[in-house]
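I am opening my notebook to record what I looked up in this structure, entry by entry.

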Amino acid sequence: MNVQHKATLQKLGPFLALLVLATGLAITSPDFLTMGNLLNVFRQVSINALIAFGMTLVILLGGIDLSVGSILALSSVLTALMLSHGIDPIVATSVGVLAGAGMGMLNGLVISKGKVAPFIATLGMMTILRGLALVFSEGRPITGLNSDFFAMLGGGYVAGIIPVPVIIMLVMFGVFWFVLKKTVFGRHVYAVGGNEEASRLSGINTDSIKIWVYTLSGAMAATAGMILTSRLNSAQPTAGTGYELDAIAAVVLGGTSLTGGRGWIFGTLVGALLIGILNNGLNLLGVSSFYQQVIKGVVILLAVLLDRANKK
């Protein structure tokens, strides 16, 4: 088998796994293929997928972002506070997403200019931002978000059928696909992840690439936070706990290498769908939530081991 055919099979692997999983669940659970259940799956997947799109760029750089769950929580709290004080919902939502981008930019600055390892930098930011979310909300959920526009983000439908979060997910998928495949910035992301020193010597501003990538990761986490807050009609300061793990899992399952320089955004979407369908299927089959954690962990470990084997 030549290298090109092998690479094609590796890319198709996650998609084939998704087809096998969906087929198995369709056979074992008659409720799986109902329109209501499938729309519910896609709505739930949208939040993880949005975070995972930003995480894909981070991991392509060979980095990691553990702060996305805390960025989601703090940006949601700030947006809810603005809404509860009567600020225009479009303004409040925009400021919330920009705040998330700013938090991500701070990550990028600490990593690129401060020369701090991504794991340590984002771990510290995770703790700081979670604490600020608790401070600003006084440890309580923020309710009273009386806005039709904001309610539409998480609970609305297009043409009375397709949930708005799914539309947002697909639009952002298209944006990230274009950025990675058709822009100089996307090529630089792959280059820096493949060999940072060689990229720097060839004239690429590696610090700028890192800052922009972490900024986009923060913006996507905040966007997911807007959808989650809209669905719940409240901002929870503890929201997003563990979401970074699901996002990383989606990226890895989709075939992006944890060492950087190799991966694709379509694989991340497939990975997010794999996790969402697996969770949904286990619920339909009545599997205990305790065992669900075990099964999800095993799947992630297998994906990482497969990535290591492919790299060798």
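At what angle do helix 4 and helix 6 pack, and how far apart are their axes? I looked this up in what is a predicted model, and I found that helix 4 (residues 89-112) and helix 6 (residues 148-155) pack at an angle of about 50°, with their axes 8 Å apart. Since angles from 65 to 115 degrees count as roughly perpendicular and those under 35 as roughly parallel, I noted helix 4 as oblique to helix 6. I then listed the residues that meet, which are Pro89, Ile90 and Thr93 in helix 4 and Phe149, Phe150 and Leu153 in helix 6. Sorted by class, this contact of helix 4 with helix 6 has five nonpolar residues, one polar residue and no charged ones.

Next entry: helix 7 and helix 8. I read that helix 7 (residues 164-182) packs against helix 8 at an angle of about 75°, with the axes 5 Å apart, and that this makes helix 7 roughly perpendicular to helix 8. From helix 7 the contact takes Val179, Leu180 and Lys182, while helix 8 brings Val184, Phe185, Gly186, Arg187 and Tyr190. In this contact of helix 7 with helix 8 I wrote down five nonpolar, one polar and two charged residues.

I stayed with helix 8 (residues 184-194) and looked up its packing with helix 10, where the angle is about 105° and the axes are 10 Å apart. That makes helix 8 roughly perpendicular to helix 10.

Next entry: the second largest pocket. I noted about 360 Å³ of space in the second largest pocket, which is lined by 15 residues, with Gln44, Val45, Asn48, Asp246 and Asn279 the closest to its centre. Which helix gives the largest share of the lining of the second largest pocket? I found that helix 2 does, with six residues, and that helix 2 (35-60), helix 10 (206-232), helix 11 (243-253) and helix 12 (265-284) each supply at least two. The lining of the second largest pocket divides into eight nonpolar, five polar and two charged residues.

Last entry: the aromatic rings. I wrote down a count of five aromatic pairs, and I recorded one aromatic cluster formed by Phe15, Phe53, Phe173, Phe176, Trp264 and Phe266.

How values were computed. Residues numbered from 1 in each chain as written. Predicted model: local features only at pLDDT ≥ 70, side-chain atom pairs only at ≥ 80, totals over all residues. Heavy atoms only, no water. Axes fitted to C-alpha atoms, helices over the stretch in contact; angles between N-to-C directions. Helix = DSSP H or I, 4+ residues; strand = E, 2+ residues; numbered from the N terminus. Parallel < 35°, antiparallel > 145°, perpendicular 65-115°, else oblique. Contact = heavy atoms within 4.5 Å. Nonpolar A, V, L, I, M, F, W, Y, C, P; charged D, E, K, R; others polar. 1 Å grid on protein atoms, 1.4 Å probe; cavity = no way out; pocket = protein on both sides within 12 Å on 5 of 7 lines; lining within 4 Å. Points joined across faces, edges and corners; volume = space filled by probe spheres on them. Phe/Tyr/Trp six-rings, centres within 6.5 Å; stacked < 30°, edge-to-face > 60°.
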